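Dear colleague,

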Amino acid sequence: MLLLELAREVGLEPRKSSSTHGGEFHSACPACGGSDRFVIWPQKGRYWCRQCRMSGDSIQFCKDFMGMGFSDAAKKVGTKRIDLYTPFAPREEGPKIPPKSWGEKGLE
């Protein structure tokens, strides 16, 4: 789901204000109000408020303004981003210790 559609779903009325970055839309900020301080770049899938500095992508929009958790937000926007997480895998080897000559060189 596109960010503009999400904005309209929460009652915003984004108006196109320029063609930079594939189009720039302004509306009231759902967090702090104002008439045109909330900027949406649909081509980039990003938003930003010039007043309260809230920003993010479509998933963050769902979390911030629709009260969703990450999994529900990812499903709503139709992304597979939720599947991209891979847990940290510890190294099998221990830490690399520099050779003795390296320490001796530092003492010169």
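In these notes, contact means heavy atoms within 4.5 Å. This is a predicted model, in which local features need pLDDT of at least 70 and side-chain atom pairs count only at pLDDT 80 or more, whereas totals for chains, interfaces and linings use all residues. Residues are numbered from 1 along each chain as its sequence is written, and side-chain values use heavy atoms, with hydrogens and water left out.

His26 lies in strand β2; strands (E, at least two residues) are DSSP runs, numbered from the N terminus. With a relative accessible area of 11%, His26 is buried, a word that stands for under 20% relative accessible area with a 1.4 Å probe and protein chains only. Leaving aside residues up to four places away in sequence, His26 touches Glu13, Pro14, Arg15, Ser17, Asp36, Phe38, Val39 and Arg50. Its side chain also makes polar contacts (pairs of N or O atoms within 3.5 Å, where within protein one must be able to donate a hydrogen and the other to accept it, and residues adjacent in sequence count only if both atoms are side-chain atoms) with the side chain of Ser17 at 3.1 Å and with that of Glu24 at 2.9 Å.

As for the strands, β2 (residues 24–29) and β3 (residues 33–41) pair in the antiparallel sense over 4 bridges, pairing being counted if DSSP finds at least two bridges between two strands. A hairpin through 3 residues joins β2 to β3, and Ser27 stands opposite Phe38 in β3.

Key. Buried < 20%, exposed > 50% of the residue type's maximum accessible area, 1.4 Å probe, protein only.
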